[in-house]
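Have the model open in your viewer and keep the selection tool at hand. Each stop below says what to pick next and what is there.

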Amino acid sequence: MITGTRYRLQLEINRQAAIRRDIERAQVDVSTGKRIQTPSDDPVAAGRVAIVNRNQANEASYKSNLQSVEAQSARADTTLGLVTNGVTRVSELMIQASSDTLSDENRATIALELRSIATEMTNLANSRDANGNDLFPTGTTLSIPVGDAISLSATGTRDDIFGSVPTANGPGDLSAIINAAADAIEISDPVLRHAAVGVSIDDVNSAV
């Protein structure tokens, strides 16, 4: 009789303890807003939650990367707009310089402006992005993941944009072409100058 009473008493104690745990668990669920506190609560559901969390983290990372690519691309477009303006101005100056009526002083003035533009092109080629990295990298461009199996490069390489101008002597560097044009204008011999200016005009047109 005593043994039976003790057994029933232990069962009741265990039942009350189980109820207390359920109540505490329910309070935690309500306060956290989460039904699954540990993977052991529901392994299958916990696995699904882990996948959802991972996907959400990836999407947030992709969104941030995409915004970074967009900002870097916009910065590159602005820089390339300045390059276009500079090269267009070089073309105008070379047309002026091809005239045989210019004085040595006039040609020297044009050559000075050309060298100034060449320096500007070099500075633009060495532009930095918002993080202080090369806007137009040497070698290969940085490929940034923006989705599952999708990566984008925000800009072209420095060589692709500034170092691959097609000329009669092979690919040429933009700044070097402009400096060569300035040198051609200042050649004193009219015949040699005319030939050199003609070559430079062709190279500048290729750059344009």
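Start with Phe 162. In this predicted model, Phe 162 has a relative accessible area of 3%, so Phe 162 is buried.

Now look at how the two rings sit. The search of the whole structure finds 1 aromatic pair. The ring centres of Phe 136 and Phe 162 are 5.5 Å apart and the planes meet at 70°, so the pair is edge-to-face. Phe 136 belongs to the loop between helix 3 and strand 1 (144-147), while Phe 162 belongs to helix 4 (residues 158-162). The pair links distant parts of the chain, 26 residues apart.

**Zoom out: the whole chain**

Switch to a cartoon view. The chain has 6 helices and 4 strands. Their order along the sequence is α-α-α-β-β-α-β-β-α-α. Colour by accessibility next. Of the 208 residues, 27% are buried. Among contacts with a separation of 6 or more, 56% join residues 24 or more positions apart.

**Select helix 3**

Pick residues 104-125. Helix 3 has 22 residues, which at 1.5 Å a residue should span 32 Å. The end C-alpha atoms are 31 Å apart, which agrees.

Which residues of helix 3 are buried? Highlight Arg 107, Ile 110, Ala 111, Leu 114, Ile 117, Ala 118, Met 121, Leu 124 and Ala 125. Then look down the axis of helix 3. The buried residues fall within an arc of 135°, so they line one face of the helix. Turn to the other side of helix 3: Glu 105, Leu 112 and Asn 123 are exposed there.

Side chains of opposite charge can pair when their charged atoms come close. The structure holds 7 salt bridges. Three of the stops follow.

Buried or exposed: which is Arg 107? Arg 107 is buried, with a relative accessible area of 6%. Asp 104, at 58% relative accessibility, counts as exposed.

Move to Glu 113. Glu 113 forms a salt bridge with Arg 89, with the closest N and O atoms 2.8 Å apart. Glu 113 lies in helix 3 and Arg 89 in helix 2 (residues 43-97), so the pair ties together parts 24 residues apart in sequence. Glu 113 counts as partly exposed, at 30% relative accessibility. Arg 89 counts as partly exposed at 28%. Arg 89, Glu 92 and Glu 113 are linked in a network of salt bridges.

Next, select Arg 115 and Asp 183. Their side chains form a salt bridge, at 2.5 Å from N to O. Arg 115 is in helix 3 and Asp 183 in helix 5 (residues 174-185), so this pair links distant parts of the chain, 68 residues apart. Arg 115 is partly exposed, with a relative accessible area of 29%. Asp 183 is partly exposed, with 43%.

Select residues 174-185. The 12 residues of helix 5 should span 16 Å at 1.5 Å a residue. The end C-alpha atoms are 17 Å apart, which agrees.

What caps the N-terminal end of helix 5? Asp 173 does: a side-chain oxygen lies 3.1 Å from the backbone nitrogen of Ser 175. Ser 175 is itself buried.

**Last stop: Val 197**

Pick Val 197, in helix 6 (residues 190-207). At 5% relative accessibility, Val 197 counts as buried. Which residues is Val 197 in contact with, leaving aside its neighbours within four places in sequence? They are Met 94, Ser 98, Ala 184 and Ile 185. To finish, draw a distance from Val 197 to Ala 180. Their C-alpha atoms are separated by 9.1 Å, and the two residues are 17 apart along the chain.

How values were computed
Residues are numbered from 1 along each chain as its sequence is written. This is a predicted model: local features need pLDDT of at least 70, side-chain atom pairs count only at pLDDT 80 or more; totals for chains, interfaces and linings use all residues. Side-chain values use heavy atoms; hydrogens and water are left out. Helices (H or I, at least four residues) and strands (E, at least two) are DSSP runs, numbered from the N terminus. The expected span of a helix is 1.5 Å times one less than its number of residues. Buried means under 20% relative accessible area, exposed over 50%, partly exposed in between (1.4 Å probe, protein chains only). The arc is that of the directions from the helix axis to the C-beta atoms. A salt bridge is a side-chain nitrogen of Lys or Arg within 4 Å of a carboxyl oxygen of Asp or Glu. A polar contact is a pair of N or O atoms within 3.5 Å; within protein, one must be able to donate a hydrogen and the other to accept it, and residues adjacent in sequence count only if both atoms are side-chain atoms. Rings of Phe, Tyr and Trp (its six-membered ring) pair if their centres lie within 6.5 Å; planes under 30 degrees apart count as stacked, over 60 as edge-to-face and the rest as tilted. Contact means heavy atoms within 4.5 Å.
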